[in-house]
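Work through the exercises below with the sequence and the 3D structure open. Each task is followed by a solution in steps.

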Amino acid sequence: MVGTGYVGLVSGACFADFGHQVTCVDRDSNKISDLQKSIVPIYEPDLDRLVTSNAQAGRLRFATDLASAVADADAVFIAVGTPSGRGDGHADLSYVYAAGRQIASALSGFTVIITKSTVPVGTGDEVERIIREENPTADFTVVSNPEFLREGAAIQDFKHPDRIVVGTDDERGRKVLSDIYRPLYLNQAPIMFTGRRTAELIKYAANAFLATKITFINEIADLAEKVGANVQEVARGIGLDNRIGSKFLHAGPGFGGSCFPKDTRALVKTAQDYDAPMRIAEAVIAVNENRKRAMSRKVAAQFGGNVRGKTIGILGLTFKPNTDDMRESPSIPLIVALQDMGAHIRAYDPAGMQQASLELPTIEYCKNAYECAANADAVVIVTEWEEFRALDLNRLKREMKHPVIVDLRNVYRQDELNELGFVYESVGRPKNMK
């Protein structure tokens, strides 16, 4: 497994748990040293236990020496980052191509090289060309096997997947991937074999579609507020239609994270390169960016549009619960905008404050939700962590200077908060909602 980031580490640990012999390779010697001591660099429920147990059983190893790991491998997964690059949204594939070159020189015997990183259509072709150029006599095939893991539920998703997509026309490659995923057959996980380019496009199309669902319901939420409707009931009403489904229809401050923003941008750029523009995806990107900034105005509206000198408590910094991932989190533009308006920001997140401090070094970090609320003019719920769903609201109110809650995740009920004496603002719900 080349790369010990989110995808590589979760995948490697789960494959080892299936009984395979796995070596996770990374050039970051400090990270490898920590992993060898069972110190996991990311927060993901149950991952530390999975890493520790499989390392102790001898099925999971960590190393910086890629050559020896590749030489002994039947399959090599490329699971390195593909961040937005060039300043225009194209995926930066330099890490993928560098991995391909390093793998090429170490190949021994027939080897299946699997791209698990999210990559634009045609990347597998280029990886194959690079390896062939670096090692003309190598016996290998390049396969696309995109991941579909949700941060916060990655292990469950890996072991109980909706589908496994394998892009290859090579029978030997197909057999190796079938053997690797054989432990999942008891779960009747459908393995879909398709062409390599099709597999690459499936990943981007899936993420762009889910991003579109989120953006659609967010725009419906804006309309619901104007006309006095309830977006949660609208979402349930349309989600009960099996053609639509209920997932990803939760109105909020916009999507973030490591996948949806960069993958949607990369899909748009690929489509432009092939003269097949994707207008819907382009609109999704624009609407989502505007929405993140608009959330600061929603907070400011509670004070007549002026938050200068106000203390705002932020509950939740990561883009979603059960992760420490701050990449493109809606909390970042929200906080920056409030600071630009002159507000003082206090914040608390159960897992993300270390990562957040790199992005937001000038805010005050707190030990818990109640410390965050102390003397605050308003509290904003940005991430729907479980502990924020069961706050002692009477205590929260006692801590606050003014009892104002802006709930960007619709965690609470309007009538409940009003009865306790809070000024309560949510997303896409009428003010007098019961």
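A disulfide is a pair of cysteine sulfur atoms within 2.5 Å. The structure is a predicted model, and the exercises start from that cut-off.

**Exercise 1. Cysteines**

Task: Find how many disulfides a search of the whole structure gives, then check Cys14 and Cys372.

Solution. 
1. The search of the whole structure returns zero disulfides.
2. For Cys14, the nearest cysteine sulfur belongs to Cys24 and is 11 Å away, and Cys14 is in no disulfide.
3. For Cys372, the closest cysteine sulfur is in Cys366, at 4.7 Å, which is too far for a bond.
4. Cys14 is buried, with a relative accessible area of 0%. Cys372 also counts as buried, at 0% relative accessibility.

**Exercise 2. The six-stranded sheet**

Task: Give the strand order of the open sheet of six strands, and state which strands stand at the edges.

Solution. 
1. The order is E12-E11-E10-E13-E14-E15, and the pairing is parallel.
2. The edge positions go to strand E12 (364-365) and E15; each has a single partner strand, so one side of each lacks a neighbour in the sheet.

**Exercise 3. Strand E14 and its partners**

Task: Describe how E14 is joined to E13 and to E15, and say whether the faces of E14 are covered or open.

Solution. 
1. Strand E13 (residues 378-381) runs parallel to E14 and is joined to E14 by three bridges. Val380 is opposite Val406 of E14.
2. Strand E15 (residues 423-425) likewise pairs with E14 in the parallel sense, over three bridges. Here Val406 has Glu425 as its bridge partner.
3. In a regular strand, side chains alternate between the two faces of the sheet.
4. In E14 (residues 404-407), Val404 and Val406 lie on one side, and Ile405 and Asp407 on the other. These four residues are all buried, and both faces of E14 are covered.
5. A right-handed β-α-β unit is made by E13, helix H16 (residues 393-399) and E14. Another right-handed β-α-β unit consists of E14, helix H17 (residues 414-419) and E15.

**Exercise 4. Helix H13**

Solution. 
1. An α-helix has 3.6 residues a turn, so residues three or four places apart point the same way.
2. After H13 comes Gly342, with a positive phi near 100°.

**Exercise 5. Asp325**

Task: Locate Asp325 in the chain, and decide whether Asp325 is buried or exposed.

Solution. 
1. Asp325 sits in the loop between E10 and H13.
2. Its relative accessible area is 7%. Buried means under 20%, so Asp325 is buried.
3. The side chains of Asp325 and Arg327 are joined by a polar contact of 2.8 Å.
4. Leaving out residues up to four places away in sequence, Asp325 touches Glu151, Ser258, Thr318 and Phe319.

**Exercise 6. Strand E6 and helix H8**

Task: Describe the burial and pairing of E6, then find what covers the buried residues of H8.

Solution. 
1. Five of the five residues of E6 are buried. Thr111, Ile113 and Thr115 take one side, with Val112 and Ile114 on the other, and both faces are covered.
2. E3 and E6 run parallel and are joined by four bridges. Ile78 has Thr115 of E6 as its bridge partner.
3. E6 and E7 pair in the parallel sense over five bridges, with Thr111 opposite Phe140 of E7. Together with helix H6 (residues 123-134), E6 and E7 make a right-handed β-α-β unit.
4. In helix H8 (residues 171-180), the buried residues are Gly173, Val176, Leu177, Ser178 and Ile180.
5. Their cover includes helix H1 (6-17), strand E3 (75-78), strand E6 (111-115), strand E7 (140-144), strand E8 (164-167) and strand E9 (191-194).
6. At the start of H8, a side-chain oxygen of Asp170 comes to within 2.9 Å of the backbone nitrogen of Arg172.

How values were computed: Residues numbered from 1 in each chain as written. Predicted model: local features only at pLDDT ≥ 70, side-chain atom pairs only at ≥ 80, totals over all residues. Heavy atoms only, no water. Buried < 20%, exposed > 50% of the residue type's maximum accessible area, 1.4 Å probe, protein only. Helix = DSSP H or I, 4+ residues; strand = E, 2+ residues; numbered from the N terminus. Pairing = 2+ DSSP bridges. Right-handed = clockwise from strand over helix to strand, strands pointing away. Contact = heavy atoms within 4.5 Å. Polar contact = N/O pair within 3.5 Å; in protein donor to acceptor, adjacent residues only side chain to side chain.
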